[in-house]
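I set out to record the confidence, the architecture, the packing and the surface of this entry. My notes follow in that order.

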Amino acid sequence: MVLLVILAVVGASIDMAIRYRLQDDAFGNAEQVASQWSAMARLGTLPNPIPVSAPVDLVQVVNANGVVVNSNTGAMGMAPMSSFRPPPDDRFQQLTEGPLMVMAIRVSAATDSPVVYAGLREPAILHKNHLEYFISAGLLVLLALASWMTWCVVGRTLRPVAAIRGRMSEITASDLSLRVPVPPGEDELALLARTANQTLARLEEAVEQQRRFASTASHELRTPITGLRVQLEEALLYPDDTDPRDTIRSALTTSTRLEAIVNDLLQLARLRAADPAPQEPIDLGALVKEEAAQGTGMPIRVQAADGVWVRGSRIQLIRVVGNLLSNARRHADSRVEVFVGVEDGEAAVAVVDDGAGIAPADRERVFERFTRLDDGRLRDSGGSGLGLAISRDIAHAHRGTLLIEDSPRGARFVLRLPLSDARPRGNGPQATFDDTSKAPPPPARSATGEKNSGEEGTCEKNDGAEGRCAENPVSPAGHHRR
């Protein structure tokens, strides 16, 4: 329809242009002939009959009474070509008399002046709308051809869309392995198909993770529930052979573990759902010191620079720091050290212990849900296996990172968060790890990129070789935990 409107406008323009050009040429020729014989009529030298040549084949001289007084041979016996006489002040007039195109010129301004008429028949293409019919037929043929080509091109373009739609209809929640066909080229449809396949791949991975999570969660919940059921059934079946207090105490311990698992699952679900948490300025060093003083067991040495401010949820950051500190306490042999400062423009918290360490192959696996290494199970059989997964999700929710980095001995967990300029009035500028007036620096990177667990000069005993601490050897490969 749009093409039809455009062609109609184009056709009308072509018709007007052709008609104007043909009429202008015809009247121009007639005017030239009429002007020639009008001048001769004024001089009295007009021949009789008047000779003519194509295309102007009709010439008449009509007096003031409307009588033809002279003409060419072909016009003899004809009535005057027109009864219109040009006025004295406008001697040249273009006239259309039926099929004739006539140029009328008044010989003089006198009242009895004759009029010279020179005429020719209208071109055949202009007669009876032949030009309009011809243009309309041509435009209809062009419209049909353009419509057919558009149909073919659009159909060929949309065939990949039909294939993509058909394949998408085959994809179900139970089978996300199918992919849509990708048409050749780099056009929008090819890019759309590739994007759809990437989305399907991510969706398949997410669904697979959910399935594994559901399977693991059901297993982790089934084990303590089964143990609790066995204890209660044994107490009912053999009341004389069981101690009720021991049974109740064991049941309470199991229920506490179940409660911890459920609470961690809910916390993990809230973090994965990206629920917004209240944001506030937090002095990271003060928060770490408070958490280190709260726990029991092995003492923690904290070296925190002043003025390290971040913005986030205090409750969630307390959860991260508490998880890292309790994790380090469980697996340290003799000491736990925490360093807080600014590194590479970010707030950093490094928690270092002198335990057996974590193998490089397990450093990402420990952040998976319900993942507990053999050493971790031996040291603490009641954990949920979700603490580090929750901690990393909290770090990501605060646009930060939580990684395990190299350390000469034990494990080194490093939490990095964006620094915040918003802090309560009266606080000084943010301090960096290099601000030795505030706090000792954290473990520095070696020339190979590894990080040492203590600053240079803090070891009580030194073997004298390149400043390494003799009492802090690298744990042997293969002795890992968590």
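I began with pLDDT, which is the predictor's confidence in each residue, from 0 to 100. The model is predicted, so I note that local features need pLDDT of at least 70 and side-chain atom pairs count only at pLDDT 80 or more, while totals for chains, interfaces and linings use all residues. Residues are numbered from 1 along each chain as its sequence is written, and side-chain values use heavy atoms, without hydrogens and water.

**Confidence.** I found a mean pLDDT of 79 for the protein chain, with 81% of its residues at 70 or more. Over residues 428–432 the pLDDT is below 50, and this stretch has 19 contacts (heavy atoms within 4.5 Å) beyond near neighbours in sequence.

**Architecture.** I counted 8 helices and 12 strands in the protein chain; these are DSSP runs, helices (H or I) of at least four residues and strands (E) of at least two, numbered from the N terminus.

**Packing.** I took buried as under 20% relative accessible area, exposed as over 50% and partly exposed as in between, with a 1.4 Å probe and protein chains only. Of the 482 residues, 37% are buried. A nonpolar core is a set of buried Ala, Val, Leu, Ile, Met, Phe, Trp, Tyr and Cys residues joined through side-chain atoms within 4.5 Å. The largest has 42 residues, among which Val-338, Val-349, Val-351 and Phe-413 touch the most other members. Helix H6 (residues 314–331) gives the most to this core, with 6 residues. A second, separate core of 17 residues includes Trp-37 and Leu-120.

**Surface.** I looked up Ile-18 in helix H1 (residues 2–43). Ile-18 counts as partly exposed because its relative accessibility is 31%.
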